[in-house]
Amino acid sequence: MAKIGIIGAMNSEVITYCENFGAEKTKIEGIYLANVSGHEVYICESGIGKVNAAISAQRLIDIFDVRYLINSGVAGCLTKELSTCDAVIAKELTYHDFTPLDILDRNSPFASRFKADEKLIDIAVKACDELIKNGETFKYIVGNVVSGDCFVNDGNKAKQLREDFGAFCTEMEGAAIAHVAVVNKIPFAVIRTASDFADENADISFEEVEKTAARRASYIVTKMLEGIEK
């Protein structure tokens, strides 16, 4: 049996897990426990932003002794290769609002880019392939993700992030969770589904696709839980 933490920033990003898994409240507000595929799964609604995400990740490790961290949720897409509700499986994450970024290379944690666990990436890829095989019409990419404490709704800013970081999507929590996982030497994965294109239409697009994006991410993560060794 493994202890696994799933973190989503908003209620809409975790409620599907809680409902599907029959999760129950723990002693910590916003953290729920379920037994899934022989694992203890702790589902956490972290709140939005890097600090909230990092606090939640460390709590899961310190209080519940989780040995894997999975972050899922929606994100702003930075490439026209994908459409709304398509998925990005993070290969590597970094901050787009930490300047200069190489301070992290010279000081703890001596890394400014955080690489996701390859085995978890492989399981996520297989889950996406299975979804497509079963008739879901969507695409996915394994690639870089950037995080920052700002909601990107400017086309020029989105273009800059794509060019500067080679990122496929931008969000507000993933790199912080990855940072915590790396410091604690535990494997992690970040799965994001596109809710918008991080441009001037981002606020309009988000509400229309949020539920579909959350459902798809939930399926992928559920398959990941099945694939993690007990």
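**Figure 1. Lining of the second largest pocket.** In this predicted model, the second largest pocket is lined by Y68, D117, K119, L120, I123, P187, G227, I228 and E229. A pocket here is an open set of points on a 1 Å grid over the protein atoms alone where a 1.4 Å probe fits, with protein on both sides within 12 Å along at least five of seven lines, and lining residues have an atom within 4 Å of a point. The volume of this pocket is about 160 Å³, a volume being the space filled by probe spheres set on the points, which are joined across faces, edges and corners. Helix α4 (residues 118–133) gives the largest share of the lining, three residues; helices (H or I, at least four residues) and strands (E, at least two) are DSSP runs, numbered from the N terminus. The lining divides into five nonpolar, one polar and three charged residues, where Ala, Val, Leu, Ile, Met, Phe, Trp, Tyr, Cys and Pro count as nonpolar, Asp, Glu, Lys and Arg as charged, and the others, Gly among them, as polar.

Residues are numbered from 1 along each chain as its sequence is written. Because the model is predicted, local features need pLDDT of at least 70 and side-chain atom pairs count only at pLDDT 80 or more, while totals for chains, interfaces and linings use all residues, and side-chain values use heavy atoms, with hydrogens and water left out.

**Figure 2. The largest nonpolar core, with L60 as one of its members.** This core has 78 residues, of which I43, L60, L69, F188, I220 and M224 touch the most other members. The largest share of the core, eight residues, comes from α4. A nonpolar core is a set of buried Ala, Val, Leu, Ile, Met, Phe, Trp, Tyr and Cys residues joined through side-chain atoms within 4.5 Å; buried means under 20% relative accessible area, exposed over 50%, and partly exposed in between (1.4 Å probe, protein chains only). Leaving aside neighbours within four places in sequence, L60 is in contact (heavy atoms within 4.5 Å) with residues including G5, I7, I31, Y42 and L69.

**Figure 3. Helix α6 and the residue K185.** Eight of the 10 residues of helix α6 (residues 174–183) are buried, so this helix is largely enclosed by the rest of the structure. The buried residues are G174, A175, A176, I177, A178, H179, V180 and A181. K185, which follows α6, has a positive phi, near 60 degrees.

**Figure 4. T26 in the loop between β2 (24–25) and β3 (31–36)**. A polar atom of the T26 side chain lies 3.2 Å from the backbone nitrogen of I28, and one lies 2.8 Å from the backbone oxygen of I31. Not counting residues up to four places away in sequence, T26 touches I31, Y32, L33, Y42 and F64.

**Figure 5. S147 in strand β8**. S147 counts as buried, at 0% relative accessibility. Its side chain is joined to that of E171 by a polar contact of 2.6 Å, that is, a pair of N or O atoms within 3.5 Å, of which, within protein, one must be able to donate a hydrogen and the other to accept it, and residues adjacent in sequence count only if both atoms are side-chain atoms. The S147 side chain also reaches the backbone nitrogen of G174 at 3.4 Å.

**Figure 6. D149 in the loop between β8 (140–147) and α5 (155–165)**. D149 is partly exposed, with a relative accessible area of 42%. The side chain of D149 reaches the backbone nitrogen of K50 at 3.0 Å.
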